[in-house]
Amino acid sequence: MSIYRQALIDGLWRNNPGLVQFLGICPLLAVSNTVVNGLALGLATTAVLVGSNMLVSLARHWVAEDVRLPAFVLIIAALVTVVELAAKAWFFDVWLSLGIFLPLIVTNCVILARAESFASRQPLLPAVIDGFAQGIGFMSVLVVLGALREIIGYGTLFANAEQLFGSAGSALQITLWENGGFLLALLPPGAFLGLALLIALRNILLQGRQSANTVATRESTQQLST
């Protein structure tokens with residue numbers, strides 16, 4: 001398996017930051033009350049991940065070992081500042097909705113972990129692909145958890161999509177019922193329960209696949225022996 005395919009599979013499924021590594025849990029739980037908020041934070045985090053992995057990979061031969069981590073933090077902080085200013089300029093409503101969690105991307109453990117464990121040891125292209133895969137994996141959990149909480153809590157899907165997609169986003173909103181939903185889904189306990197359900201679903205899928213592989217291996221072994 002090539003390093004590029006391995007990086008994609010790890011980021012999206014096998015080593016997903018939210019479901020396996022349990023990194024960046026604070027913004028994951030705090031912001032994922034709607035699909036739009038989750039998607040916005042996921043896009044911002046992905047942009048920082050790709051940019052930081054790229055710059056760390058390019059600078060890995062010129063950064064001294066003693067100042068490696070402070071240098072990585074400075075790179076991440078600079079990229080987060082750029083992303084925050086861009087969001088404030090072009091997506092002001094989204095910037096208001098995300099609040100403190102947009103600048104707090106700089107403290108997201110996913111970004112520093114990938115910079116230290118992967119990008120600082122790999123060439124440019126694998127580092128960029130790893131950042132992209134880890135960002136998309138993190139964003140997918142944000143979006144799915146946001147959709148689950150929004151449907152149960154508000155009875156809608158893609159509410160306030162115009163904040164991210166402009167006037168065309170108004171047509172994306174789906175109203176499932178008018179009188180609201182279950183308030184617990186929008187509170188912190190609902191975020192924890194929703195994430196637990198996603199983790200349990202992933203484990204069930206993995207166990208089912210492992211069982212199917214075991215049965216297939218056993219059958220092929222029996223056929224060979226006969």
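Q: How far apart are the mean positions of the positive and negative charges of the chain?
A: They are 11 Å apart, for 11 positive and 11 negative charges. Lys and Arg count as positive here and Asp and Glu as negative, while His and the chain ends are not counted. Each charge is placed at NZ of Lys, CZ of Arg, CG of Asp or CD of Glu.

Q: What kind of model is this, and which pLDDT values do features need?
A: This is a predicted model, in which local features need pLDDT of at least 70 and side-chain atom pairs count only at pLDDT 80 or more, whereas totals for chains, interfaces and linings use all residues. Residues are numbered from 1 along each chain as its sequence is written, and side-chain values use heavy atoms, with hydrogens and water left out.

Q: What makes up the chain in terms of helices and strands?
A: The chain has 10 helices and two strands. Both are DSSP runs numbered from the N terminus: helices are H or I with at least four residues, strands are E with at least two. In order from the N terminus, the elements read α-α-α-α-α-α-α-α-β-α-β-α. The C-alpha trace spans about 65 × 55 × 30 Å along its principal axes.

Q: Why is Arg68 called buried?
A: Buried means under 20% relative accessible area, exposed means over 50%, and partly exposed lies in between (1.4 Å probe, protein chains only). Arg68 has 18% relative accessibility, so Arg68 counts as buried. Over the whole chain of 226 residues, 41% count as buried.

Q: Is Glu65 buried or exposed?
A: Glu65 has 59% relative accessibility, so it counts as exposed.

Q: Which parts of the chain does the pair of Arg68 and Glu116 link?
A: Arg68 also forms a salt bridge with Glu116, with the closest N and O atoms 2.9 Å apart. This pair links distant parts of the chain: Arg68 is in helix α5 (residues 68–90) and Glu116 is in helix α7 (residues 109–117), 48 residues apart.

Q: How do you know that Glu116 and Arg121 form a salt bridge, and which residues are in the network?
A: The closest N and O atoms of Glu116 and Arg121 are 3.8 Å apart, so this pair also passes the rule of within 4 Å. Glu65, Arg68, Glu116 and Arg121 are thus linked in a network of salt bridges.

Q: How do you know that Cys26 is in no disulfide?
A: A disulfide is a pair of cysteine sulfur atoms within 2.5 Å. By this rule the count comes to zero disulfides. For Cys26, the nearest cysteine sulfur belongs to Cys109 and is 9.8 Å away. Cys109 is likewise in no disulfide, its nearest cysteine sulfur being that of Cys26.

Q: Are these two cysteines buried or exposed?
A: Cys26 is exposed, with a relative accessible area of 52%. Cys109 has 44%, so Cys109 counts as partly exposed.

Q: Why is Phe158 called partly exposed?
A: Its relative accessible area is 28%, so Phe158 counts as partly exposed. Phe22, at 45%, is partly exposed as well.

Q: Why is Thr156 called buried, and which residues does it touch?
A: Thr156, in strand β1, has a relative accessible area of 10%, so it counts as buried. Contact means heavy atoms within 4.5 Å. Leaving out residues up to four places away in sequence, Thr156 touches Glu150, Ile151, Gln173, Ile174, Thr175 and Leu176. The C-alpha atoms of Thr156 and Thr175 are separated by 4.4 Å, although the two are 19 residues apart along the chain.

Note on methods: A salt bridge is a side-chain nitrogen of Lys or Arg within 4 Å of a carboxyl oxygen of Asp or Glu.
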